[in-house]
Structure formats: structure tokens, C-alpha cells
Amino acid sequence: MTVRVGVIGTGWIGGEHIRRITDRVGGAEVVAVTDIDADRAARAVAGTGARVLATGEEVIAAEDVDAVVVTSWGPAHAESVLAAVAAGKPVFCEKPLATSAEDAQRILDAEARHGARLVQVGFMRRYDTGYRQMKEVVSAGGIGTPLMAHCVHRNPTVPESYHSEMASQDTAVHEIDVLRWLLDDEISSVQVLTPRPTGKRFEHLRDPQMLLFEMVGGARVDLEVFVNCQYGYEIGCEVVGEEGTVRLPEVPGAVVRSAARTSTPVLQDWVQRFAGAFDAEFQSWADEVAAGTPTTGPNAWDGYAAAVVTDAAVRALHSGGVVETGIKERPAFYA
Ligand code: NAD
Ligand code: NAI
Ligand code: ISE
């Protein structure tokens with residue numbers, strides 16, 4: 001069976017995913033798209049045969065749409081996901097699932113009412129080769145009990161629309177998910193420190209930020225988020241255990257020796273860094289949707305748990321103090 005996909009939001013990543021599904025994912029095709037900017041939607045599907053519809057509701061309701069991909073901006077995600085669940089259609093939602101725990105809770109409630117899981121969240125790092133290697137080591141006890149993790153998340157620049165809360169909601173949310181997964185534990189508290197701001201930013205933005213997490217089991221994590229670092233896109237992660245450490249491998253690049261220097265290229269964005277992870281994520285999702293089984297990727301609970309932590313991080317950013325997340329027990333539905 002070919003999974004016929006409808007896409008809501010055809011911006012940067014929506015366009016990437018449309019090309020990915022069209023050119024690289026087997027067993028799936030894009031048949032309908034929408035964007036609040038209709039011209040952008042038309043450009044995104046030019047030459048593919050997919051049609052442009054006026055609203056997300058029309059995409060979800062279309063008879064020839066088997067499954068939905070949500071790639072609009074974060075605050076619009078929850079509404080589209082709720083509509084897809086109400087229609088009983090599998091939905092892949094780019095992170096964040098919702099920009100508040102309250103909205104994410106509405107999605108958990110909707111899935112429970114439906115009686116089966118339909119939602120996958122775009123935490124693609126779980127499909128990255130390097131992170132998977134780390135997960136194997138940690139899960140096999142290769143470094144003993146994890147005690148600490150040190151992470152960095154750097155982007156070269158961000159647009160003016162990116163605000164201080166997005167350092168947690170849009171950027172750190174990737175580490176929040178991948179650390180929960182790597183350490184197999186929930187995050188119990190968060191503190192956000194604000195070092196001297198870089199001059200190379202829009203005036204309204206607090207950048208960089210340092211986030212300090214405590215896991216329920218007591219492990220501690222420090223994360224630097226620096227989204228105007230200028231020089232490139234860099235993701236770092238090291239887990240320190242009782243018997244050793246495991247570090248995310250660097251993405252290899254050719255070593256150039258010239259003009260009395262040795263150099264290697266620095267990646268410039270998430271498209272370059274995570275291309276393989278996005279492809280694996282979508283192939284897996286399409287295969288599982290085609291098989292009619294619940295998808296095994298990050299689910300609505302993972303999206304909810306991340307939203308609980310980002311809500312706490314936003315409160316911590318404004319208060320400067322340590323904020324408890326108050327995360328509850330994972331329901332059996334998501335075991
Ligand atoms: P973008 O601004 O380029 O694209 C968003 C698109 O959504 C725009 O075309 C906009 O017109 C459209 N849109 C907004 N509201 C809409 C609505 N109500 N209905 C229909 N269309 C609407 O943003 P982006 O960089 O493509 O990011 C989109 C999402 O993808 C974000 O949630 C972002 O966090 C996520 N993202 C994830 C990764 C990742 O690494 N997994 C990378 C980039 C972006
Ligand atoms: P973008 O701004 O380029 O695209 C968003 C698009 O959504 C725009 O075209 C906008 O017009 C449209 N849109 C917004 N609300 C909409 C709605 N209600 N209905 C239809 N269209 C709507 O943003 P970008 O960078 O593509 O990010 C989109 C999402 O993807 C975000 O949630 C972002 O967090 C996520 N993302 C994930 C990445 C990852 O690494 N997994 C990388 C980049 C983005
Ligand atoms: C963007 O939305 C992403 O998800 C990227 O992976 C991240 O590096 C960036 O900071 C976000 O804005």
C-alpha cells in the first residue's frame with residue numbers, strides 16, 4: 001500500500017519533508033498540502049502532482065489523505081493534531097507537539113478517547129546513527145550508571161521572530177527528548193541561567209542560555225543553547241557514568257591541508273546534520289502507517305513530557321530559580 005500523505009505547513013521543513021517523501025521514502029506520496037501562505041504551498045509542490053487546499057481541515061478531511069504531516073509553526077501544531085486524531089488518521093507532527101503542557105494534555109485525552117495511538121512527534125535524533133550508538137552503550141551498561149550529561153546546541157543565527165522562550169520550546173526540546181530517551185528517565189527540575197548576551201542577536205533575545213536539568217533518578221545535565229554562534233551548526237552530547245563516558249561522534253568531513261593549515265568543514269544547519277535521521281524517521285513512519293500498526297517512534301506521551309519540561313523552563317527563565325516539572329507517571333497506554 002502507498003500511504004497518501006497530506007502536509008500542513010510548507011515552510012522550510014515542510015518543503016524538506018515533501019521532497020523527502022517524494023524522492024527518498026518508499027511507499028509514500030504527498031497528495032495534498034496547505035499553508036496560510038498559499039503561494040508558498042504552490043511552490044512547495046510544483047511538479048509533484050499534489051494539490052493545494054485552502055485549510056488544514058480540508059487536508060485532514062480529504063478522502064485520499066491516509067495520514068497527515070504537520071510542519072506549520074509550533075503554536076499551530078496542537079490544533080491540527082487534534083483534528084487529525086478526531087478524524088482517526090495517523091499524524092506525524094514536527095516538534096514541538098504543543099507549546100504548552102495543557103495543549104499536549106488535550107492530545108493525550110483525544111488519543112485515549114480514540115482508543116489507539118495515532119501520533120508520532122518529529123524528534124528525529126532518536127534515528128541518528130550517533131545517538132543510536134550512544135543509546136546502545138548506555139542501555140547495555142557500557143558506562144555503568146549514568147551520573148551526568150554535558151550538551152551543546154548551537155545554531156549560526158536565528159530570525160527576528162525567534163524569541164527567548166523558543167530557546168527551550170523550539171531548540172532545547174530536542175535535548176529534552178533525547179536525554180529522556182538516552183537515560184530512560186524523566187526530568188524532575190530545570191533552571192535557566194543567562195550569561196552575558198552576545199551582541200550578535202536581535203535586541204529582544206536572551207542568547208546564549210544555559211539549562212540545568214535534574215533527572216528523577218538524580219543524574220544532572222547541563223545544556224548550552226547558543227543560537228547566534230555565527231560559525232555553524234553544532235550538536236554535542238557526552239554522558240558520564242560510574243565506569244566510563246560515551247560521546248556523540250562528530251560527523252566526519254574531509255581533512256584539508258592547504259596554505260599551512262589543516263581544516264575540516266563545519267556544518268551549517270540541521271538539514272545537513274540530520275538528513276540521514278530524517279530519512280530513517282520518515283521511512284519507519286511510512287512503513288508502520290502502511291502496516292496499520294501504531295508507530296513505534298516518539299509518541300504523544302513523549303511530546304507531552306517535553307512540553308511539561310519546556311513549560312517549566314520558560315518559568316525558570318523568567319524567575320531565575322529552580323522549577324520542579326511535576327511530571328506525572330507515564331500512563332499504561334504509552335508503555
Ligand atoms: P517555517 O516558518 O519555515 O514554516 C512554517 C510554515 O507553516 C510556513 O510556511 C507558514 O506559512 C506555515 N503556517 C503557519 N501557520 C500555519 C497555519 N495555521 N496553517 C497552515 N500553515 C501555517 O518553519 P520551519 O523552520 O519549517 O519549522 C516548522 C516546524 O518544524 C517548527 O515546529 C519547527 O520547530 C520544526 N522544525 C523541526 C526541525 C527539526 O530539527 N526536527 C527543524 C526545523 C524545524
Ligand atoms: P517555517 O516558518 O519555515 O514554516 C512554517 C510554515 O507553516 C510557514 O510556511 C507558515 O506559513 C506555515 N503555517 C503556520 N501555521 C500554519 C497553519 N496553522 N496552517 C498551515 N500552515 C501554517 O518554519 P520551519 O523552520 O519549517 O519549522 C516548522 C516546524 O518544524 C516547527 O515546529 C519547527 O520546530 C520544526 N522544525 C523541526 C526541525 C527538526 O530538526 N526536527 C528543524 C526545523 C523546524
Ligand atoms: C529548529 O526548529 C530545529 O528543530 C533545529 O533542529 C534546531 O537546531 C533549531 O534551534 C530550531 O529552531
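This is a predicted model: local features need pLDDT of at least 70, side-chain atom pairs count only at pLDDT 80 or more; totals for chains, interfaces and linings use all residues.
Q: Which residues around ligand 1 come nearest?
A: A residue is near a molecule if its C-beta atom, placed from the backbone, lies within 6 Å of it. Around ligand 1 there are 24 residues, and Gly-9, Gly-11, Trp-12, Ile-13 and Glu-94 come nearest. The largest share of this shell, three residues, comes from helix α1 (residues 12-23). Helices here are DSSP runs of H or I with at least four residues, strands are runs of E with at least two, and both are numbered from the N terminus.

Q: Which residues come nearest to ligand 2?
A: Of the 24 residues around ligand 2, the nearest are Gly-9, Gly-11, Ile-13, Ser-72 and Ala-76. Helix α1 gives the largest share of this shell, three residues.

Q: What makes helix α4 largely enclosed?
A: A residue is buried if 20 or more other C-beta atoms, placed from the backbone, lie within 10 Å of its own, exposed if 12 or fewer do, and partly exposed in between. In α4 (residues 77-86), seven of the ten residues are buried, so this helix is largely enclosed by the rest of the structure. They are His-77, Ala-78, Ser-80, Val-81, Ala-83, Ala-84 and Val-85. Among the elements that they pack against are β1 (3-8), β4 (67-70) and α5 (101-114), where contact requires C-beta atoms, placed from the backbone, within 7 Å.

Q: Why is Ala-46 called exposed?
A: Ala-46 has 7 other C-beta atoms within 10 Å. The cut-off is 12 or fewer, so Ala-46 is exposed. Ala-46 is found in the loop between α2 (38-45) and β3.

Q: How do you know that the buried residues of α6 line one face of the helix?
A: In α6 (residues 129-139), Tyr-131, Met-134 and Val-138 are buried. Seen down the axis of α6, the buried residues fall within an arc of 55 degrees, so they line one face. The arc is that of the directions from the helix axis to the C-beta atoms. An α-helix has 3.6 residues a turn, so residues three or four places apart point the same way. The face of α6 turned away from the buried side carries the exposed residues Thr-129, Glu-136 and Ser-139.

Q: What makes β3 and β6 edge strands?
A: Two strands pair if DSSP finds at least two bridges between them. The open sheet of six strands has the order β3-β2-β1-β4-β5-β6, with parallel pairing. Strands β3 (51-52) and β6 each pair on one side only, and these are the edge strands.

Q: How do you know that β2 and β3 pair?
A: Strand β2 (residues 28-34) and β3 share two bridges in the parallel sense. The definition asks for at least two, so β2 and β3 count as paired. Val-33 stands opposite Val-52 in β3.

Key: Residues are numbered from 1 along each chain as its sequence is written. Chains are lettered from A and ligands numbered from 1 in the order in which they are written. Two residues are in contact if their C-beta atoms, placed from the backbone, lie within 7 Å.
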